[in-house]
Amino acid sequence: MKIAIIGTGHVGLISGVCFAELGNKVLCIDNDEEKILNLKNGKLPIFEPGLQELLDKNKPRLTFTTSIKEGIQEANIIFICVGTPPKPSGDADLSTVESVTIQIAKSMHDYKLVVEKSTVPVRTGVKIKQLMEGKVKSGLSFDVASNPEFLREGAAIYDFMHPDRIVIGVETVRAKKILTELYKPIKAPILVTDIESAELIKHASNSFLATKISFINAIAKICEQAGANIEQVARGIGLDHRIGPEFLQAGIGFGGFCFPKDLRAFRKIAEKLGCEFSLLHEVEKINESMKKLFVTKVEEALWNLSNKTIGILGLAFKPDTEDMRYAPSIDIIQMLQKEGAKIRAYDPQAMPVAKNILKDIEYCKGPYEVAEGADCLCILTEWEEFKGLDLDRIKSFLKSPVIIDGRNIFEKEKMLKLGFTYYGIGR
Ligand code: UDX
């Protein structure tokens, strides 16, 4: 099939490259000229494991352009993958979706299936349809569909190729046929719904997952007070197949560009529909409290933070990404700096991005350099690299052998045996 993807962010680029890998001809469109120029030269704007190889492999089937008008001519399916960032109110900003829709409507000369893949509020499909109806040349037909994406950063290619489900929200048989045909090579259940339900599935899924994380973090706090171990409790809960073991990893909370943004947006959507969703507010509150809890642990370990040197391992909101958006590390580091602490930090991927966000930090070449002369070492992202550290060596570099592990990557007993003063979360 011939596909146009508008927006070459994480979702757009990965979908584009993966659709090409499935044998389709894909045109990726973005108004950022530098990004498109780089992509034409095979240079990726994001870090995602395996993406560079897949881009290189599928070059003959991929084209990049800045022009929607040119880009959509040949395509029969157009995916809208542009950003829907939060406004200060928390509502999703849909102005780019609107302007892209107008451009599609004005540029099309034959039937197009317009698919929203960006995370959008429920009933955006209706708005896209109404907007297009007023703009397309008479006699031309089109369909609108919703096909939400559930990619995790760092595992995005695997997730695209091996999804738990493919959700297709459609109103016509023609649209259903095109999309089921497109996804045929992927072995996964296809759930065909109406457009509104497909749109809601995305926000409901992300909100449920965020709720699961805040739930286990709330239990972790109780564990700390009661002398229980959150890992044992999580395992005990997760073995009930109705609950499941995933997303029960306690820590400093969730970040990234999806959960925090989608949670707020979903709360706003529900509010506008007259359904107050206060549970999600509680989820956000617990998430914020985990960062404060972490800082309290640092204070408990070091007492006054003024002029203390704190080593930070991990800045990205999770491993295998350079993404710093809404990373818990940002708030935690800023709280520590406010108390007068000096920060030395290392992250395998996120440092170039972090340098634009976090100032007055000594960025180091590796974990051992971070530990050198530090009063304590804080783990904020669970990179594999940190799990295999030579802890005796780390200890020899630290001013005092204190580790505050915000992601529970080390075993408490082992750390105590090695002579560390060790703090984890919920144990
Ligand atoms: C998420 C959804 O998983 C994905 O389906 C959706 O399309 C986009 O949002 P992503 O933001 O890439 O993906 O990361 P994810 O792996 O889900 O982790 C999100 C955050 O939750 C991270 O900060 C992670 O550290 C945190 N997390 C996750 C926990 O704190 N505990 C867990 O048990 C799981």
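Colleague: In which helix is Lys106 found?
Modeller: This is a predicted model. Look along residues 95-107. Lys106 is found there, in helix H5.

Colleague: Is Lys106 buried or exposed?
Modeller: Exposed means over 50% relative accessible area. Lys106 has a relative accessible area of 53%. Lys106 is therefore exposed.

Colleague: How far apart in space are Lys106 and Lys135, C-alpha to C-alpha?
Modeller: In sequence, 29 residues separate Lys106 and Lys135. In space, C-alpha to C-alpha, the two are apart by 6.2 Å.

Colleague: Is Ile14 buried or exposed?
Modeller: Ile14 lies in helix H1, residues 10-21. Its relative accessible area is 0%. Buried means under 20%, so Ile14 is buried.

Colleague: How far apart in space are Ile14 and Glu246?
Modeller: The two are 232 residues apart in sequence. Their C-alpha atoms are apart in space by 24 Å.

Colleague: At the start of helix H2, which residue's side-chain oxygen reaches the backbone nitrogen of Glu34?
Modeller: Helix H2 covers residues 33-40. A side-chain oxygen comes to within 3.2 Å of the backbone nitrogen of Glu34. That oxygen belongs to Asp32.

Colleague: Which residue with a positive phi follows H2?
Modeller: Its phi is near 80°. The residue is Gly42.

Colleague: Where is Asp320 found, and is it buried or partly exposed?
Modeller: Asp320 is in the loop between strand E9 (309-313) and helix H13 (328-338). Its phi is near 65°, a positive value in a residue other than glycine. Most residues other than glycine have a negative phi. With a relative accessible area of 38%, Asp320 is partly exposed.

Colleague: What is the relative accessible area of Asn408?
Modeller: Asn408 sits in the loop between strand E13 (402-405) and helix H18 (412-417). Asn408 is not a glycine, but has a positive phi of about 50°. Asn408 is buried, with a relative accessible area of 7%.

Colleague: Now the ligand. Which residues come nearest to the ligand?
Modeller: There are 19 residues around the ligand. The nearest of these are Phe150, Glu153, Lys202, Gln249 and Lys318.

Colleague: Which residue has a polar backbone atom 2.7 Å from an oxygen atom of the ligand?
Modeller: A backbone N or O atom of Phe317 is 3.0 Å from a ligand oxygen. For Arg407, an N or O atom of the side chain is 3.3 Å from a ligand oxygen. The 2.7 Å distance belongs to a polar backbone atom of Glu153.

Colleague: How much of the area that the ligand exposes alone does the protein bury?
Modeller: Taken alone, the ligand exposes 670 Å². The share buried by the protein is 92%.

Colleague: What percentage of the residues of the protein chain count as buried?
Modeller: The protein chain has 427 residues. The part that counts as buried is 53%.

Key: Residues numbered from 1 in each chain as written. Predicted model: local features only at pLDDT ≥ 70, side-chain atom pairs only at ≥ 80, totals over all residues. Heavy atoms only, no water. Near = heavy atom within 4 Å. Polar contact = N/O pair within 3.5 Å; in protein donor to acceptor, adjacent residues only side chain to side chain. Areas by Shrake-Rupley, 256 points an atom, 1.4 Å probe, with all protein chains shown as cover. Buried < 20%, exposed > 50% of the residue type's maximum accessible area, 1.4 Å probe, protein only. Helix = DSSP H or I, 4+ residues; strand = E, 2+ residues; numbered from the N terminus.
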